[in-house]
Amino acid sequence: MSVCQYRTLARMSTEKETLQRRSQPVPGEQQAPPAQPPSGFTPNPQGANPNGHLPPPLHGANLPSQPQNLPQGGYQQQPQYIYPQVPQYVLPQNPSLSQQPPTGYIPYNLNHPVMFCPTPAPKKSILEAYLLLIVLGLFGGHHFYLRRPVWGILYFFSFGLLGAGWLIDIFRLPVLVSRCNNDASQQNPNLAKKKHLDDAYVLWFPGGFLGLHHFYLNNIGLGVLYLFTFGLFGVGWLIDACLMPYHVKKANSNIPDCIEKSTAATCILAVSPAGLLGAHHYYLNRIGFGLLYTFTFGIFGVGYIVDWCRFPILLKRYNKSKETGHTSHKHLDDAYLLWFPLGFLGFHHFYLNRPVWGLLYMFTFGLLGIGWLIDLCRMWKLVENCNKEIDERVHLTRNNRSVANPNYIQGQYYGNMPTTTVRGHVPVSYGQFGPCPPGYSNPNPGIYPTQQNGYGAVHGMNEQPPPYEAASIPTKGH
């Protein structure tokens, strides 16, 4: 017998054992009654199908090698395992329960936003706040109680701002308690960021010498400057006593510092000793004047004193230049400030874009003082001529860009574009690919401006008329 036959017999015996195991009843399980044939069905007593043929043997039966006599009734039907039926859920037959919701039922809308109302914080008591102020006020206990942790930490490390803040808090504690309860009831995060005038004055004395009030008002630059100059040698600290309401108002406004400079900051830097080093000029982005003040000690003190009166003009000029975007104009007050006492060295000519005259004045000491005196009377004319040249230069630059690129928009950078003419015509646009006309050299191979037929055009190029035509030279006969 071959190997395949052995494998077939083994598989058949395995299947037979499986069928016998399934046919055995499970202990403890109730046997299902035998299936009854349907009505009208007449079984074949001989076990044959309607065609008269015997049914085939079951798959996996151990067939004998030799045919044997079959029993009288044919093959007996093997018992089949019947799986227990699971009872199905039947819906209620009452239409009133299946179609209508119960009484008092409110349908829930899943698209409706869910509103969560936070639990309001408990209100603070004035009695408890005063108790903490008396016992632990020097260590900021009442500020921790009133949800002011930054102030509590500051009081803890400065011993109540050297006792001055603790003494002031005795009189303003009801205001602090009322403010804390109002902020907790309204649940508005913007109220927590609002700056208050009383807090600013508490930090101003005596912490203003270290710039604490400027740090509180988000003036980080002035705060650092006060920290290293001890309140601009006390001058800035005194000025802030009068300008504190303005500082608080600006801190609560929504005007960014990068767009508009502060009047108070300009005044402090100009009047304080830092103005001798040009601090207000650095603040207003006048780097040239700032360096000049630094190396000449405020132009020997003259410019420092003059800036006490003209710092509002400098501030207004800076804010206006930021709006218009034009900062290259020269000003008569700056020119006169350079004329005295540095006019003998030609500093006002260097400022007015006249470097040759500046060098001449430097080596001749202002043309032996004669040119220096004459410039006192003609300074306004020099400034006017300089501004005219600046305006013409800007106008020509814009025209060249608009001619080279018809889609030019002011304020947008287009790079360096050529503005050469071809046969008296200004090119309309660049970037067209094509051969160069005979007799002309193309500096950029493969790139040539577009022209119109009839104006020295090349066949196959984009037909666009030039924006204007060069003036023709008249002949003698006309």
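**View 1. Phe144 in helix α4 of the predicted model.** Phe144 lies within helix α4, which spans residues 141–145. With a relative accessible area of 43%, Phe144 is partly exposed, because this class covers values between 20% and 50%. Phe144 also belongs to a nonpolar surface patch, alongside residues including Phe139 and Ile153.

**View 2. The nonpolar patch on the surface.** The patch is formed by Leu131, Ile134, Val135, Leu136, Phe139, Phe144, Ile153, Phe156, Phe157 and Phe159. Together these residues present about 1,100 Å² of accessible area. Helices α3 (126–136) and α5 (149–162) each contribute at least two residues to the patch.

View 3. Leaving aside residues up to four places away in sequence, Leu210 touches Phe215, Gly223, Tyr226 and Leu227.

**View 4. Segments listed in UniProt under "transmembrane region".** An unreviewed UniProt entry lists residues 129–146, 152–171, 200–217, 223–243, 290–315, 335–352 and 358–377 under this heading. In the predicted model, residues 152–171 are 95% helix and 0% strand, with the end C-alpha atoms 18 Å apart. Residues 223–243 are likewise 95% helix and 0% strand, and the end C-alpha atoms of this segment are 15 Å apart.

Notes:
Residues are numbered from 1 along each chain as its sequence is written. This is a predicted model: local features need pLDDT of at least 70, side-chain atom pairs count only at pLDDT 80 or more; totals for chains, interfaces and linings use all residues. Side-chain values use heavy atoms; hydrogens and water are left out. Patches are made of residues with over 30% relative accessible area and no salt bridge: like charges are joined within 9 Å, nonpolar side chains (Val, Leu, Ile, Met, Phe, Trp, Tyr) within 5 Å. Accessible areas come from the Shrake-Rupley method with a 1.4 Å probe; for residues, only the protein chains shown count as cover. A salt bridge is a side-chain nitrogen of Lys or Arg within 4 Å of a carboxyl oxygen of Asp or Glu. Helices (H or I, at least four residues) and strands (E, at least two) are DSSP runs, numbered from the N terminus. Buried means under 20% relative accessible area, exposed over 50%, partly exposed in between (1.4 Å probe, protein chains only). UniProt positions are given in the numbering used here, feature names are shortened, and annotations may be inferred rather than shown by experiment. Contact means heavy atoms within 4.5 Å.
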